[in-house]
Amino acid sequence: MAALGVAGVAALLSFSVFTGVTADTNSDDVTALNTFYTTVNSPSQLTNWAPQNGDPCGQSWLGVTCSGSRVTTIKVPGMGLKGTLGYNMNLLTELSELDVSNNNLGGSDIPYNLPPNLERLNLEKNNFIGTLPYSISQMAALKYLNLGHNQLSDINVMFDQLTNLTTLDFSYNSFSGNLPESFNSLTSLSTLYLQDNQFTGTIDVLTDLPLTDLNVANNQFSGSIPDKLKSISNLQTSGNSFSNSPASATTPPSYNPPSRPSPSRTPSHSNNNNGPSRESDTNNGGGKSSKVGGAAVAGIVISLVVVGAVVAFFLIKRKSVRRQQGYDPEKNEHLSPLASRKIKQLRPIRTVSLSPTAKELKKNVSMNLKPPSKIELHKSFDENDPTNKPATEKVNVSSIRATAYTVADLQVATKSFSADNLVSEGRFGCIYRAQLCDQKILAVKKINFSALPGHPSDFFIELVGNIAKLNHPNLSELDGYCSEHGQCLLAYEFYKNGSLYDLLHLSDGYSKPLSWNNRVKIALGSARALEYLHETCSPPIIHKNFKSSNILLDDDLNPHISDCGFADLIPNQELQESDDNLGYRAPEVTMSGQYSQKSDVYSFGVVMLELLTGRKAFDSCRARSQQSLARWASPQLHDIDSLDQMVDPTLEGLYHAKSLSRFADAIALCVQPEPEFRPPMSEVVQSLVRLVQRASMGTTLSSEWNSCRFDESGDHTF
């Protein structure tokens, strides 16, 4: 028995060792779950969970299922969880299902770093607000997405890759604007719930989806319900403004040919008004010729109906496109092939777009997964092209949310654009200080369209209309415009503290140096502006010209990015060769001239280096090895001793070492030579927010950080 006992203990130990090895959870998965547990305030109801280390697979953490050493599902619905999702959920690369529905999570945006390979994501009945993370666009395996019963307001997702999605629930949120055009890529979607939002426009984009369950009730949809959608077995459309003449009213009624009695059936004795019945023909000796004649007539009728249906379909489709996107010249069949080619060149110009606000960006704007086309816009206009209509046909002047000034108004305000009122001169024209009769101060940009051959002044109205739709607290605000007598003028809010470049590099000896707090604040606000352009605007806007001289500072030193939407007016090659951008251009731009969101991220990293070091992005007065700030600084960002030597001496050491190190870490990610390794701007924003949150600060100052407004006291340094 003793031998048996020893053998039993040995077997038990052997089994324990084996179990421990197989249940050892992947370290990335452990890290992600630890973070999640912490961000939901370490609730006791999540039994066996731990804020540090632990073994989720081996210790049977509540709601966690594993396969081998990898976590595959997390299902913790209705647990009363508070807080938010962890910021590093993307480490859970084998997670196929995440269900945290019916909790109290949120109070903020859904984090960007969601598990990338999810098949099921259920965040229903929480308190998430704001914008959907763009990362959902890349979840190609996703089959089920439920975001219902939250407080979400903006769709920042391109659906082109979500071809496996079968169920989508956006119900009971605050979404507005038109349905994304990329909805038409959801080729597997069978269930769609959009009820109780503020969606507008038509639902035509849903026409060809394989839907069996559709609820669009209680929105602000208009137009008509397409015939294909009417056949859906479970369709709910009440509470909208659909017209009384749905699509079927304009479609020829479907033709139901009279049933031909089989020989075994009793023939009908009723005659058609156009002639005797088929039986009569046969009985009266019409025989074969009569049958052939009847078949021929039926064939002709069917052919006519089919042709009519096809024609009607294209007419309806064309009408739908006109209604949703404005007149599309590619549908004009009277154009010559040459004119058609010119129109195809022109069309991308009008959709290169300066995107609307978060609430309105989906109206009349097509959604596209790819960045705006890299085209030479100045070569796309042809003055002799008869189809080149004035842009006012596309943009209703009365709908532009900006003041229409007269030339006389702005001449008086700028003293006839005198040199004394000249603020700066750039690639797009000169900027003048303008003081209106009501003492309001504006910055008037006088666009020099003569420097842009091929651009008619009519295009200016479309430009104004699109810029006016941009709405973010960290963008330069458009106040008004003027389009008279060939003049193209834009009036912006005037920011008396000038640009970040001036404050950092053109000190007059009287200005107070920027505190570390304000430098971090400027970086965070600027990052949020780029995040808006890249991940909220649709299609995304690439700034292409991001630099410290385009960051304007208001009275409280809050940043406002200028020149948004202008870069596409100038060919990439000219931007690439401009000396104004020396030091800010990403390596791939220097090599190929191709701009992208990631090249903007690089430029942002260079601006962060300016904030950290106080040096210019490119300084020809320095030694050759130090002229390019990014090349000189990048190798030293992870060396704490070198980092201390790099810091702007005007800070006089008034900063926290950990804050400096985290700031440098964010810079190092942004200025990586390979664009694919640079993070999206939403991740940069999160890293800067975490920098602030981790600082040991009082509640009052933390709330000021959340609103991105701080005092200049410098009592707290990060």
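User: What is the order of the strands in the open sheet of six strands?
Analyst: This is a predicted model, in which local features need pLDDT of at least 70, side-chain atom pairs count only at pLDDT 80 or more, and totals for chains, interfaces and linings use all residues. Residues are numbered from 1 along each chain as its sequence is written, and side-chain values use heavy atoms, with hydrogens and water left out. Strands here are DSSP runs (E, at least two residues; helices H or I, at least four), numbered from the N terminus, and two of them pair if DSSP finds at least two bridges between them. The pairing in this open sheet is mixed, and its order is S17-S21-S22-S20-S19-S18.

User: Which strands are the edge strands?
Analyst: An edge strand pairs on one side only. That applies to strand S17 (403–404) and strand S18 (422–426).

User: Which residue in S22 is the bridge partner of Tyr481?
Analyst: Strand S21 (residues 478–482) and strand S22 (residues 489–493) run antiparallel and are joined by four bridges. In S22, the partner of Tyr481 is Leu490.

User: At about what angle does helix H8 run to S21?
Analyst: Helix H8 (residues 459–469) lies across strand S20 (441–447), S21 and S22. Axes are lines fitted to C-alpha atoms, for helices over the stretch in contact (heavy atoms within 4.5 Å), and angles run from 0 to 180 degrees between N-to-C directions. For H8 and S21 the angle is about 170°.

User: How far from a polar atom of the side chain of Ser188 does the backbone oxygen of Thr163 lie?
Analyst: Ser188 lies in the loop between strand S11 (176–177) and strand S12 (191–193). Leaving aside neighbours within four places in sequence, Ser188 is in contact with residues including Thr163 and Leu165. Leu165 is 23 residues away in sequence, yet 5.8 Å away in space, C-alpha to C-alpha. From the backbone oxygen of Thr163 to the side-chain polar atom of Ser188, the distance is 2.6 Å.

Notes. Polar contact = N/O pair within 3.5 Å; in protein donor to acceptor, adjacent residues only side chain to side chain.
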